[in-house]
Amino acid sequence: MTDLLVHDAAQVVTPDDGGIETVPAGTVAVEDGAVVAVGPTDEVVSDHPPGAASTAIDASGKVVLPGFVDPHTHAVFAGDRSDEFAAKLRGADYQEILESGGGIHRTVRAVREASLETLVSNLLDHLDVMLAHGTTTAEVKSGYGLDVETELRMLAAIDEADDRHPVDLIPTFMGPHAVPPGTDAEEYVDRVVAAQIPAVVDQGIAEFCDVFCEAGVFSVEQSRRVLTAAAGADLTPKIHAEEFERTGGAQLAADLGAASADHLLQATDEDVAALDEAGVTPVLLPGTAFTLATDYADAAAFVDAGMPVALATDFNPNCCSESMEFAMELACHGMRMDPAAALRATTANAARAVDRGRSIGRLAAGAAGDLLVADAPELAHIPYNFGVSTVETVVKGGEVVYSE
Ligand code: NIG
Ligand code: FE
């Protein structure tokens with residue numbers, strides 16, 4: 001018996017590795033948590049009549065699409081940095097704030113003082129917002145502990161929130177997010193490799209390891225040391241690369257076969273080619289450029305090369321938006337991405353950036369029953385109608401988990 005039938009949609013959007021298609025007048029059937037049929041309504045309903053489905057949703061005049069996958073967030077944290085936002089509006093610089101002990105360091109102080117319960121409860125609040133904006137899976141990084149105990153507590157908080165919330169979470173260890181005061185990068189990397197990575201592996205929660213490879217933070221060689229040790233311990237490499245200055249982080253991602261290279265605002269043509277050749281997914285974060293009022297990454301360079309460009313929110317206390325809808329709107333309005341390309345970037349390509357390209361971010365038989373009904377007549381309206389949410393219903397594993 002069909003558990004869920006979303007029928008008579010104006011358009012069903014089916015992004016995948018090859019591109020993105022739309023089925024006009026379409027229907028999706030879900031059984032046992034997975035999609036079993038997608039296609040024109042008359043074909044799907046002959047095998048899956050609405051009357052025989054446990055739940056039937058009439059999506060007339062609406063768009064059905066896969067749930068968004070957010071492949072880059074720092075969503076577990078404590079404290080507040082809204083005053084830094086105000087200071088930045090008056091001209092303060094992100095890296096100067098960091099160097100003077102604010103920014104990431106300030107969040108580190110708040111997170112070290114926060115209990116596991118506080119971290120979980122803060123994260124659950126953010127997940128509610130993500131879900132209401134259509135995110136059904138999110139990657140979440142540690143990296144506001146910078147010591148073994150707090151990094152493990154952040155990962156434990158991600159694990160517990162994952163158990164308690166419909167949004168599926170993918171945990172990334174990011175001990176090398178900043179150099180803690182009182183030490184230098186070289187010495188801190190020694191500690192990450194000798195103490196943090198083994199403890200994280202022993203805890204058994206994290207799946208990826210990420211590093212902030214940036215001028216004044218971790219060099220390419222230091223990043224290589226961390227990610228090589230991580231890969232040797234079965235943590236898949238990811239990297240924050242070429243954000244403020246071009247350092248060679250993208251080339252490192254290509255060398256190591258990282259799952260993704262993220263930010264890439266300063267990436268050169270050679271960097272694009274190296275990532276393409278190595279099959280590394282480029283993850284662009286337009287919200288970060290928006291809030292820092294910098295230029296956007298050159299999305300066209302990656303799209304024109306035929307690469308599976310992904311988009312993410314980078315949600316963190318500096319970039320305060322949980323919304324993949326907004327990331328998509330910025331990608332279109334700011335980076336001039338085509339709406340269909342942006343939608344593929346928030347679903348199938350985003351899933352690829354977290355090594356889940358087969359199972360989520362798509363609507364095809366066998367994929368997870370994670371989908372959205374958007375109050376939009378066709379997909380372009382989702383980013384075209386900016387500053388509002390078009391997400392009306394969110395389905396996770398075949399269950400309705402949010403409705404407006
Ligand atoms: O991806 N660049 C480093 N990390 C985050 C910012 C984290 C923070 O400012 O708290 C980023 O933008
Ligand atoms: Fe980040």
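Biologist: What spacing do the donors of the iron ion (ligand 2) follow along the chain?
Modeller: The pattern is H-x1-H-x165-H-x73-D. Keep in mind that this is a predicted model.

Biologist: Where do H74 and D314 sit in the chain?
Modeller: H74 is in the loop between β6 (68-70) and α2 (82-89). D314 belongs to the loop between β13 (310-311) and α13 (324-333). The two are 240 residues apart, so this pair links distant parts of the chain.

Biologist: Which atoms coordinate the iron ion (ligand 2)?
Modeller: NE2 of H72, NE2 of H74, NE2 of H240 and OD of D314, at 2.0 to 2.5 Å.

Biologist: H74 and D314, buried or exposed?
Modeller: Both H74 and D314 are buried.

Biologist: Switching to helices. At what angle do α7 and α8 cross?
Modeller: Roughly 5°, with the axes of α7 (residues 185-203) and α8 (residues 220-232) coming within 10 Å. An angle under 35 degrees counts as roughly parallel, so α7 is roughly parallel to α8.

Biologist: Which residues meet there?
Modeller: From α7, A185, E186, V189, D190, V192, V193 and I197. On the α8 side they meet Q222, R225, V226, A229 and A230.

Biologist: And by class, how many are nonpolar, polar and charged?
Modeller: The contact of α7 with α8 has eight nonpolar residues, one polar and three charged.

Biologist: What about α9, which residues are buried?
Modeller: In α9 (residues 249-256), the buried ones include G249, A250, L252, A253 and A254. Their cover includes α8, β10 (236-241), β11 (260-263) and α10 (269-278).

Biologist: What follows α9?
Modeller: G257, with a positive phi near 65°.

Biologist: Which residue other than glycine has a positive phi near 55°?
Modeller: That is E242. E242 lies in the loop between β10 and α9, and with a relative accessible area of 0% it is buried.

Biologist: What is phi for H263?
Modeller: About 90°, again positive although H263 is not a glycine. H263 is found in strand β11 and is buried, its relative accessible area being 2%.

Biologist: C320 and C332, buried or exposed?
Modeller: C320 counts as exposed, at 63% relative accessibility. C332 counts as buried, at 10%.

Biologist: One more residue, E392. Where is its place?
Modeller: E392 is in strand β15 (residues 391-396).

Biologist: Why does E392 count as buried?
Modeller: Its relative accessible area is 18%, and buried means under 20%.

Biologist: What does E392 touch?
Modeller: Leaving out residues up to four places away in sequence, E392 touches K62, V373, A374, D375, Y402, S403 and E404.

Key. Residues are numbered from 1 along each chain as its sequence is written. Chains are lettered from A and ligands numbered from 1 in the order in which they are written. This is a predicted model: local features need pLDDT of at least 70, side-chain atom pairs count only at pLDDT 80 or more; totals for chains, interfaces and linings use all residues. Side-chain values use heavy atoms; hydrogens and water are left out. Donors are N, O and S atoms within 2.8 Å of the metal (3.2 Å for Na, K and Ca); water is not among the atoms, so sites may look incomplete. Helices (H or I, at least four residues) and strands (E, at least two) are DSSP runs, numbered from the N terminus. Buried means under 20% relative accessible area, exposed over 50%, partly exposed in between (1.4 Å probe, protein chains only). Axes are lines fitted to C-alpha atoms, for helices over the stretch in contact, and angles run from 0 to 180 degrees between N-to-C directions. Angles under 35 degrees count as roughly parallel, over 145 as roughly antiparallel, 65 to 115 as roughly perpendicular and the rest as oblique. Contact means heavy atoms within 4.5 Å. Ala, Val, Leu, Ile, Met, Phe, Trp, Tyr, Cys and Pro count as nonpolar, Asp, Glu, Lys and Arg as charged, and the others, Gly among them, as polar.
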